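Good morning, everyone, and thank you for making time for this short talk.

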Amino acid sequence: MVSKTQIEWRHIEEGDVSSTNDFCLQHARDGAASGLWISARCQLGGRGRRGRQWVSETGNLYASLLLNNPAARENIGTLPLVAALAANFAIKKALANSSAKVRIKWPNDILIDGAKVCGILLESEQVFKDQISVVIGIGINVSHHPDQALYKTTCLNSLGVSVSPQDLFAYLFEEMKYVLALWDEGRGLSAIRDLWLENAAGIDEDIKINLPNEVLYGRFIGLSEDCNLILRQEDGDEIKIAAGDVFLLDT
Ligand code: BTN
């Protein structure tokens with residue numbers, strides 16, 4: 001497994017790419033080691049979760065981090081929470097003295113005052129017989145944001161925050177190092193879980209979850225040991241959700 005002491009952190013800044021996730025994975029196939037960040041000015045084929053497009057014009061942050069064999073298989077599923085914390089802390093740094101509320105929406109969207117400012121897409125590939133490469137792709141709306149029918153969106157500049165994608169990336173680079181060290185290949189999961197819960201939106205509130213074939217309603221009461229969402233349904237039953245689109249009903 002990758003140990004935090006072995007990671008050599010690097011950054012390549014690109015111009016126009018298809019997707020920084022694709023670029024990062026290609027570097028992995030070519031033998032690149034963990035700790036490589038690729039950022040780009042714009043993406044022509046930016047991808048979001050569930051096959052959605054991620055509009056990626058110049059002016060926002062698009063970056064992906066490569067991690068090879070980041071943890072034992074059973075711990076890899078908790079990386080989305082780590083990535084969310086890093087993005088959350090980077091955005092909070094950019095907001096500095098602002099009173100705007102930065103919150104994580106399960107599992108790894110970042111909201112400012114209830115509007116989405118950041119999305120994260122983790123992708124993985126068995127690159128070699130003994131190597132799974134995970135790419136953490138992060139998009140943060142800096143100077144523009146798409147109009148979305150599904151949920152509210154925002155960007156940092158429209159909130160009066162004058163930060164560039166490059167400055168924001170520097171924050172993200174440092175915060176990711178910090179939270180990955182805390183996570184410690186999953187050994188520090190309980191600290192990550194606690195931090196995530198401290199920064200989360202919608203705990204003890206009513207939510208709606210869109211799953212591929214059904215819609216669930218209930219109260220978001222916390223995270224399970226393995227970081228699934230625990231939903232208490234109207235009949236009192238508690239169920240664990242591993243993946244889905246969460247909508248906060250009280251905002
Ligand atoms: C989401 O749907 O919320 C996830 C969006 C992830 C977008 C980022 S931008 C950098 C990286 N490259 C991609 O093609 N997608 C991710």
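What we are looking at is a predicted model, in which local features need pLDDT of at least 70 and side-chain atom pairs count only at pLDDT 80 or more, while totals for chains, interfaces and linings use all residues. Residues are numbered from 1 along each chain as its sequence is written, and side-chain values use heavy atoms, with hydrogens and water left out.

Let me begin with the overall picture. There are five helices and 12 strands in the protein, where helices (H or I, at least four residues) and strands (E, at least two) are DSSP runs numbered from the N terminus. The radius of gyration is 17 Å, close to the 18 Å that the globule rule gives for 251 residues, so the protein is as compact as a globular protein of that length; the radius is taken over C-alpha atoms, and the rule is 2.2 Å times the number of residues to the power 0.38. Taken along the principal axes, the C-alpha atoms fill a box of roughly 50 × 40 × 35 Å.

Of the 251 residues, 53% are buried, and here buried means under 20% relative accessible area, exposed means over 50%, and partly exposed is in between, with a 1.4 Å probe and protein chains only. If we take contacts (heavy atoms within 4.5 Å) between residues at least 6 apart in sequence, 63% of them join residues at least 24 apart. As for charge, the protein has 24 positive and 33 negative side chains, and the centres of the two sets lie 0 Å apart; Lys and Arg count as positive and Asp and Glu as negative, while His and the chain ends are not counted, and each charge is placed at NZ of Lys, CZ of Arg, CG of Asp or CD of Glu.

Now to helix α3, which covers residues 79–95.

Next, some backbone details. As background, most residues other than glycine have a negative phi, and most peptide bonds are trans. With that in mind, please look at A96, which follows α3 and has a positive phi near 40°, and at D184, which follows α4 and has a positive phi near 50°. E185, in the loop between α4 and α5, also has a positive phi, near 60°, and E185 is buried at 12% relative accessible area. R187 lies in that loop between α4 and α5 as well, but R187 is exposed, at 60%. D113, in the loop between β5 and β6, has a positive phi of about 45° and counts as partly exposed at 47%. Finally, a cis peptide bond with omega of about -5° joins W106 and P107, and P107 lies in the loop between β4 and β5.

I will finish with strand β9, residues 215–223, which holds L216 and Y217. Is each of them buried or partly exposed? L216 is buried, with a relative accessible area of 10%, whereas Y217 counts as partly exposed at 49%. Setting aside neighbours within four places in sequence, L216 is in contact with residues including I207, K208, L231 and Q233, and Y217 touches I207, K208, L231, Q233 and L249.
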